[in-house]
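Keep the sequence and the model in view while reading.

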Amino acid sequence: MELNDFITEIKENKILWLLEARPGFFAMVEDNSENSYIPIWSKKQDAIDNANDDWDGYDVTGMTIDEFVGWMNELHEDNIGIAISTGQPGQMLPIAAKDMKKFFAN
């Protein structure tokens with residue numbers, strides 16, 4: 001899935017999906033440089049399909065766009081980015097939180 005399609009789908013549905021270990025503790029991935037990212041999905045089923053292996057037992061949690069955008073400043077300050085699913089197994093597109101926020105600006 002391309003970035004524009006991903007953003008459009010979230011805007012249309014007004015919700016995105018994350019995996020949550022317990023309230024406030026979300027699944028994370030790291031790149032080869034040890035940068036941290038929180039993966040998000042535009043479809044609930046895609047998040048469900050990824051709740052296995054290291055994320056087995058994680059809950060699929062929906063988040064509204066407004067809540068997500070409000071969270072981006074905190075993530076940026078903590079140097080945590082967002083990883084979006086490309087639709088290819090094990091492949092995610094890393095995006096800085098401050099840049100992610102811009103995609104949802106009205």
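**Briefing: loops, cores, sheet and rings**

Glu-34 counts as exposed, with a relative accessibility of 61%. The model is a predicted one.

**Loop residues with positive phi**

- Glu-34 sits in the loop between strand S3 (29–30) and S4.
- Its phi is positive, about 65°, although Glu-34 is not a glycine.
- Most residues other than glycine have a negative phi.
- Lys-14 also has a positive phi, near 60°, and is a residue other than glycine.
- Lys-14 is placed in the loop between H1 and S1.
- Is Lys-14 buried or exposed? Lys-14 is exposed, because its relative accessible area is 57% and the cut-off for exposed is over 50%.

**The largest nonpolar core**

- In soluble globular proteins, nonpolar side chains tend to be buried together.
- The largest nonpolar core here has 22 residues. Ile-40, Phe-68, Trp-71, Ile-82 and Met-100 touch the most other members.
- Which elements each supply at least two residues of this core? They are helix H1 (3–13), strand S1 (15–22), strand S4 (36–40), helix H3 (65–77), strand S6 (80–85) and helix H4 (97–103).
- H3 gives the largest share of this core, six residues.
- Met-100 is in contact with Ile-7, Ile-40, Phe-68, Met-72, Ile-82, Ile-84 and Ile-95, leaving aside its neighbours within four places in sequence.

**The three-stranded sheet**

- Three strands form an open sheet in the order S2-S1-S5. The pairing is antiparallel.
- Strand S2 (25–26) and strand S5 (59–64) are the edge strands, and each pairs on one side only.
- How many bridges join S1 to S5? There are six, and the two strands run antiparallel.
- Leu-19 has Val-60 in S5 as its bridge partner.
- H3 packs on the sheet and touches S1, S2 and S5. The direction of H3 makes about 90° with that of S5.

**Aromatic rings**

- A pair of aromatic rings is described by the distance of the centres and the angle of the planes.
- The whole structure holds three aromatic pairs.
- Trp-41 and Trp-55 form an edge-to-face pair, because their planes stand at 80° and the cut-off for edge-to-face is over 60 degrees. Their ring centres are 6.2 Å apart.
- Trp-41 lies in the loop between S4 and helix H2 (44–49), and Trp-55 in the loop between H2 and S5. The pair therefore ties together parts that are 14 residues apart in sequence.
- Both Trp-41 and Trp-55 are buried.
- Phe-68 and Phe-104 form another edge-to-face pair, with 6.0 Å from centre to centre and 90° between the planes.
- Phe-68 is in helix H3 and Phe-104 in the segment after H4, so this pair ties together parts that are 36 residues apart in sequence.
- Phe-68 is buried, and Phe-104 is buried too.

**A charge over a ring**

- Where does the charged end of Arg-22 sit? The charged end of Arg-22 is over the ring of Phe-25, 3.8 Å from the ring centre.

Note on methods. Residues numbered from 1 in each chain as written. Predicted model: local features only at pLDDT ≥ 70, side-chain atom pairs only at ≥ 80, totals over all residues. Heavy atoms only, no water. Core = buried A, V, L, I, M, F, W, Y, C linked by side-chain atoms within 4.5 Å. Buried < 20%, exposed > 50% of the residue type's maximum accessible area, 1.4 Å probe, protein only. Helix = DSSP H or I, 4+ residues; strand = E, 2+ residues; numbered from the N terminus. Contact = heavy atoms within 4.5 Å. Pairing = 2+ DSSP bridges. Axes fitted to C-alpha atoms, helices over the stretch in contact; angles between N-to-C directions. Phe/Tyr/Trp six-rings, centres within 6.5 Å; stacked < 30°, edge-to-face > 60°. Lys NZ or Arg CZ within 6 Å of the ring centre and 35° of its normal.
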